[in-house]
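Thanks, everyone, for making the time. I would like to take you through one protein chain, beginning with the whole and ending with a single residue.

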Amino acid sequence: MQSTRKFNKEYFKKLPFGLIILLIFFAASIFSFVFIMHEVLSEKEVEADNSVFAFLSANVISNRLTPFMKGVTYFASATFLQIAYGVLVFFYVLKKNVKRALEIAAIGLGGFMVNYFMKISFQRIRPPHPLIEKLQNFSFPSGHATSAFIFYGLLTYLVWKTKIRKVYKFLIGSVLILFSLLIGFSRVYLRVHYPSDVVAGICIGFAWLILTVGLFERLKKRAANEVA
């Protein structure tokens, strides 16, 4: 028992600090998703969702802001993301970085599949009285929120891998992440998703991005070590 404890202690000491932080965020994302799923699907808790809708109706929603939110939500639509991922993949193929192109395709396609199977598994009905045309598919978790966080988080990661100054990396990354959150908010504003759908989607998107990027980075380091 003592030797096992000593091994574990030494093992965790050798883990990179950044990896430990990512594992904590990953676990927190999964825990948050499970908690939300339990509350809104098992316990049928909708009070918090309805309170947010009531606040938005009374204080935020307006004829001027609604067209803007419709524009924002487009940037995580299936049409836009298909084109955007295609451009990204083509860009890295042109740069003769086929591995990166395949990684991007796998992250995008995998994220879509995860969200799709979750929707048909949970089958939560969308909110009534949307501000845009009523959608026929299921609500939980939000596909726009999931896809937006994956895509714009992936862009942040790709920017971070460039050689530009770190201050610009922080600035661009912050704008991209904030924009992905704005997309999630637009889905609540337009009443096509409950707030809990959006938060759950962000959790899943974040967890998927950490999992896939971490896995690809790990595989590349292992391959580099084997070549060396």
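Predicted model: local features only at pLDDT ≥ 70, side-chain atom pairs only at ≥ 80, totals over all residues.

The protein chain has nine helices and zero strands, so that, read along the sequence, the pattern is simply α-α-α-α-α-α-α-α-α. Of the 228 residues in the protein chain, 39% are buried, and the accessible surface comes to about 14300 Å², with 68% of that area belonging to carbon and sulfur atoms. If we take the contacts with a separation of 6 or more, 77% of them are between residues 24 or more positions apart.

Now to the pair of helices, α7, which covers residues 143-160, and α8, which covers residues 166-189. Their axes are 9 Å apart and they pack at an angle of about 175°, and because an angle over 145 degrees counts as roughly antiparallel, that is how α7 and α8 are described relative to each other. Sorted by class, the contact of α7 with α8 has 14 nonpolar, six polar and three charged residues.

Within helix α7, I would like to pick out Thr146. Is Thr146 buried or exposed? Its relative accessible area is 1%, and because buried means under 20%, Thr146 is counted as buried. The side chain of Thr146 makes a polar contact, at 3.1 Å, with the side chain of Asn115. Setting aside the neighbours within four places in sequence, Thr146 is in contact with Asn115, Gly201, Ile204 and Gly205.

Terms used:
Residues numbered from 1 in each chain as written. Heavy atoms only, no water. Helix = DSSP H or I, 4+ residues; strand = E, 2+ residues; numbered from the N terminus. Buried < 20%, exposed > 50% of the residue type's maximum accessible area, 1.4 Å probe, protein only. Contact = heavy atoms within 4.5 Å. Areas by Shrake-Rupley, 256 points an atom, 1.4 Å probe, with all protein chains shown as cover. Axes fitted to C-alpha atoms, helices over the stretch in contact; angles between N-to-C directions. Parallel < 35°, antiparallel > 145°, perpendicular 65-115°, else oblique. Nonpolar A, V, L, I, M, F, W, Y, C, P; charged D, E, K, R; others polar. Polar contact = N/O pair within 3.5 Å; in protein donor to acceptor, adjacent residues only side chain to side chain.
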